[in-house]
Amino acid sequence: MTDAPDGRPRPANQSRHRGVRGLTIARDAAVQGWRWWARSWDRLVAALQDEAPVGSAAPPSPSGPLVEQRDAPRLIAVPARGYVYSFYIRATFAWSSPASLRSEVLSWYVQYFQPNAVQRLTRLAADAARDLPPHRAGDLEVALQRALAEDPVWHYQRGDITLTCHPDAAVRLDERILPALQPHVDRLVKLEYQFDEQIRKARYAEELSRRWTAILDDHTDDDDLADARDHMLTAQREAARWIADLLHRHANPSRDPTVQVPQQASPRSLDGE
């Protein structure tokens with residue numbers, strides 16, 4: 001069958017060309033669809049095997065096991081002695097696995113095991129807080145850190161996957177007790193400042209006495225200066241004992257009355273006044 005006189009294909013040739021072109025488009029679409037399906041299948045298999053997808057352009061994962069840090073969803077409340085006030089604990093957990101897990105797989109296991117870790121930490125905190133008055137948040141934090149140090153790594157397992165957990169905790173006071181503690185804390189701050197001031201004055205007096213003693217050592221032939229020197233040395237020893245006693249009482253507070261400041265020799269006494 002030939003073309004028409006004007007050069008255009010005859011109707012039969014047009015139908016044949018359309019058929020060939022349709023088959024070519026269908027073949028190309030099928031090939032592309034099969035390639036897309038093969039790539040998707042490879043990625044799915046690799047994801048199930050915790051491996052990087054073939055041909056993936058994702059950057060290489062860092063060396064060593066992944067670590068995911070999670071905070072507890074809310075503050076953990078445990079009752080203090082008397083069960084009127086509570087301590088509040090901010091808990092943080094660092095999760096990892098010796099197996100080579102992808103980040104999304106590790107996140108799934110962390111989400112699964114996190115409630116168990118929160119419950120375990122709550123039991124530890126409740127045991128430590130049961131006998132503590134509600135204003136002793138620092139003592140609770142020390143006791144809790146000591147308990148965590150005895151067992152620093154927690155292990156959780158599901159099937160062949162094992163996760164390790166490193167817990168950490170910080171303790172906060174009950175906000176309802178803060179107004180009652182404020183005056184006492186302010187008074188302690190004031191006493192601490194006064195104590196530091198007394199220590200500075202005592203050390204200055206001790207240093208001044210030591211310098212006068214050194215000066216008097218150069219005039220040991222004069223009896224009056226020798227007596228003043230002996231008096232200065234006695235006062236210096238008393239000051240040293242007083243400072244040591246004051247520091248000891250500050251480190252070990254008790255209900256004993258405050259140590260009296262010993263009388264210090266003044267430079268005026270050296271002139272016989």
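Is Arg70 buried, exposed or partly exposed? Arg70 is partly exposed, at a relative accessible area of 21%. Buried means under 20%, exposed over 50%, partly exposed in between, with a 1.4 Å probe and protein chains only.

Some ground rules. This is a predicted model: local features need pLDDT of at least 70, side-chain atom pairs count only at pLDDT 80 or more, and totals for chains, interfaces and linings use all residues. Residues are numbered from 1 along each chain as its sequence is written, and side-chain values use heavy atoms, with hydrogens and water left out.

Now the overall layout. The chain has five helices and five strands. Both are DSSP runs, numbered from the N terminus: helices are H or I with at least four residues, strands are E with at least two. The order along the sequence is α-β-β-β-α-α-β-β-α-α. Of the 273 residues, 24% are buried.

Next, helix 2, residues 103–129. Its 27 residues should span 39 Å at 1.5 Å a residue, and the end C-alpha atoms are 36 Å apart, which agrees. The expected span is 1.5 Å times one less than the number of residues. Helix 2 has a kink of about 40 degrees at Phe113, shortly before Pro115. That bend is the angle between axes fitted to the seven residues ending there and the seven starting there. Phe113 is also among the buried residues of helix 2, which include Leu106, Tyr109 and Leu121. What do the buried residues of helix 2 pack against? They pack against strands 1, 2, 3, 4 and 5, and helix 3. Contact here means heavy atoms within 4.5 Å.

On to strand 2. Ile76 and Val78 lie on its covered face, Ala77 and Pro79 on the uncovered one. In a regular strand, side chains alternate between the two faces of the sheet. Strand 2 pairs with strand 3, antiparallel, over four bridges. Pairing requires at least two DSSP bridges. Ala77 sits opposite Tyr88. The two strands form a hairpin with six residues between them, and Gly82 in the turn has a positive phi of about 95 degrees.

Last, charges. The structure holds eight salt bridges. The criterion is a side-chain nitrogen of Lys or Arg within 4 Å of a carboxyl oxygen of Asp or Glu. Back to Arg70: it bridges to Glu68, closest N and O atoms 2.7 Å apart. Glu68 is buried, at 15% relative accessibility. Glu175 and Arg172 also meet, at 3.7 Å from N to O. There, Glu175 is exposed at 56%, while Arg172 is partly exposed at 43%.
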